[in-house]
Amino acid sequence: MVTLPQKTALPLIAQLSDEAQVEGAWVSLQAMIARGEAALVANVVLNGVAGKRLVSESIEEVRYPTQFDPPQVPHEVPKENAAEVLKNWPIVGITPTGFETRNTGASLEVEVTVSDNGEWISAGVVPQHVRLLRFVEYDAGLMPSGERLSVKQPLFSALKNTLSMHLRAGQPVLIGVHKVPGDEKAMELFILRISVHRTGAAQ
């Protein structure tokens with residue numbers, strides 16, 4: 001998974017999509033990474049046996065609340081000065097009562113079959129890159145004192161491809177092209193290469 005400026009990515013995408021130019025484009029991309037002109041976001045490596053489902057993840061868990069209890073208010077409020085009592089009531093806060101966990105980072109799922117001569121591979125591939133972009137505040141009410149209540153929730157982005165493909169063993173293949181979330185002038189490329197050994201297939 002590689003990110004690079006859009007103006008650089010567009011001609012490279014055409015080369016990576018052309019079987020006659022893909023090897024040269026792959027070498028050029030490696031040089032760009034070495035020079036700092038492209039960024040290697042994730043290098044997910046799998047080793048396993050052909051015909052088996054292989055999964056590799058490089059993730060960080062983000063846990064966040066999804067259910068809340070509202071602030072506690074007085075059970076009995078005198079009618080003659082109700083507004084004043086509520087204004088002076090201490091805010092206990094909005095209490096989280098339920099949580100969820102989202103995995104962020106890069107993952108790759110692959111299942112391959114190899115031709116008898118070992119030159120061609122059929123593969124089901126699911127690459128994914130999930131980012132935590134930021135936390136967003138959502139309005140959760142208004143206290144009698146005029147103070148606004150809010151809760152923060154995470155905003156994620158997910159770049160994902162699900163595909164079945166037929167490719168030559170050892171040849172890099174462009175399998176995904178995405179805009180980088182939050183940066184309209186950058187693109188992220190998913191590139192896959194599967195090599196075959198006697199015991200099966202490895203990426």
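**Labels and their grounds**

Analyst: Start with the neighbours of His129: Met1, Val41, Gly105, Ala106, Ser157, Ala158, Leu159, Glu188 and Phe190, leaving aside residues up to four places away in sequence. Contact here means heavy atoms within 4.5 Å. The model is predicted: local features need pLDDT of at least 70, side-chain atom pairs count only at pLDDT 80 or more, and totals for chains, interfaces and linings use all residues. Residues are numbered from 1 along each chain as its sequence is written, and side-chain values use heavy atoms, with hydrogens and water left out.

User: Why is His129 called buried?

Analyst: Buried means under 20% relative accessible area, exposed over 50%, partly exposed in between (1.4 Å probe, protein chains only). His129 has 7% relative accessibility, so it counts as buried.

User: What makes the links from the His129 side chain to Arg131 and Glu188 polar contacts?

Analyst: The term asks for a pair of N or O atoms within 3.5 Å; within protein, one must be able to donate a hydrogen and the other to accept it, and residues adjacent in sequence count only if both atoms are side-chain atoms. The His129 side chain meets the Arg131 side chain at 3.5 Å. With the side chain of Glu188 the value is 2.7 Å.

User: Which label does Trp120 get, buried, partly exposed or exposed?

Analyst: Partly exposed, because its relative accessibility is 27%. Trp120 is found in strand β6. That strand covers residues 120–142 and also holds His129. Strands (E, at least two residues) and helices (H or I, at least four) are DSSP runs, numbered from the N terminus. Among the residues that Trp120 touches are Thr113, His166 and Arg168.

User: How do you know that the buried residues of α1 lie on the same side?

Analyst: The buried residues in α1 (residues 6–16) are Ala9, Leu12, Ile13 and Leu16. They cover an arc of only 110 degrees around the axis, which puts them on the same side of α1. The arc is that of the directions from the helix axis to the C-beta atoms. An α-helix has 3.6 residues a turn, so residues three or four places apart point the same way. The buried residues of α1 pack against β1 (2–5), α2 (22–35), β9 (173–180) and β10 (183–192).

User: Why is the pair of Tyr64 and Phe156 called tilted?

Analyst: Rings of Phe, Tyr and Trp (its six-membered ring) pair if their centres lie within 6.5 Å; planes under 30 degrees apart count as stacked, over 60 as edge-to-face and the rest as tilted. Tyr64 and Phe156 are 5.8 Å apart centre to centre, with 50 degrees between the planes, hence tilted. Tyr64 is in β4 (residues 53–69) and Phe156 in β7 (residues 148–160), 92 residues apart. Both are buried.

User: What places Arg102 over the ring of Phe156?

Analyst: The rule needs NZ of Lys or CZ of Arg within 6 Å of the ring centre and within 35 degrees of the ring normal. The charged end of Arg102 is 5.0 Å from the centre of the Phe156 ring. Arg63 lies over the face of Phe99, at 4.3 Å from the ring centre.

User: What makes β9 and β10 a pair of strands?

Analyst: Two strands pair if DSSP finds at least two bridges between them. β9 and β10 have seven, in the antiparallel sense. Val173 stands opposite Leu192 in β10.

User: Why is β9 called largely enclosed?

Analyst: Six of its eight residues are buried, so the rest of the structure largely encloses β9.
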